[in-house]
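Student: I'd like to learn how to read a protein model feature by feature. Could we go through one together?

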Amino acid sequence: MANPLDVAARAMNAQMLRLNTTASNIANADTIASSADQAYRARQTVFSTVLDAQRNAAGVEVAGIVESDAAIPKRYEPGNPLADGDGYVYGSNVNTVEEMANMMSASRSYQNNAEVFSTVKTLTLRALQLGRE
C-alpha cells in the first residue's frame with residue numbers, strides 16, 4: 001500500500017504547479033503583441049496518475065503543461081506602437097473567468113490534500129504514542 005503522506009504530498013505539489021500556471025495566465029490576460037504568434041497563450045497543467053509497485057508509490061504528477069489552441073483575439077488600434085502594418089494588436093486568449101474557477105478548484109484541492117497530510121501525521125503520532133504506553 002502506498003504511503004498516504006507521499007500521495008498527499010504529490011497531490012499538493014501538482015496543485016501548486018497548477019496554481020502557479022493559473023496565476024501566470026491571469027497575470028498575462030491583458031497583454032498585447034504585434035502578431036498572433038507573439039501573443040500570450042493560456043497554459044494548462046496536465047495531470048497523470050502514478051502507480052509504481054516497485055517503489056510502493058501512488059498518486060498524481062504533472063505530465064506537462066500545454067498551451068491553449070483557442071483563437072487569439074485581435075483589435076484594431078492603429079495608434080498603438082505594437083500595431084502591425086494593418087493597425088491590429090493581438091491579445092491573449094486567456095479567459096479570466098475560467099482561470100478564476102480553475103484557481104479556486106486548485107486551491108481547494110491543495111487545502112484538502114494538506115488536511116489529509118495533517119490528519120495522517122496526527123494519526124501516525126498517536127499510534128506511536130500508543131506503542132510507548
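Tutor: Gladly! This is a predicted model, in which local features need pLDDT of at least 70 and side-chain atom pairs count only at pLDDT 80 or more, while totals for chains, interfaces and linings use all residues. Residues are numbered from 1 along each chain as its sequence is written, and side-chain values use heavy atoms, with hydrogens and water left out.

Student: Which elements does the protein have, and in what order do they run from the N terminus?

Tutor: Helices (H or I, at least four residues) and strands (E, at least two) are DSSP runs, numbered from the N terminus. Here there are two helices and five strands, in the order α-β-β-β-β-β-α.

Student: How do the strands form a sheet, parallel or antiparallel?

Tutor: In general, strands of a sheet pair through backbone hydrogen bonds, either parallel or antiparallel. Pairing is assigned when DSSP finds at least two bridges between two strands. In this protein three strands make an open, antiparallel sheet ordered S1-S5-S4. S1 (32–33) and S4 (74–76) are the edge strands, each with a single partner strand, so one side of each lacks a neighbour in the sheet. Two bridges join S1 to S5 (residues 88–91); Ile 32 has Gly 91 in S5 as its bridge partner.

Student: What radius of gyration does the protein have?

Tutor: The radius is taken over C-alpha atoms, and the globule rule is 2.2 Å times the number of residues to the power 0.38. A compact globule of 133 residues would come near 14 Å, but this protein has 22 Å. Its C-alpha trace spans about 80 × 25 × 20 Å along the principal axes.
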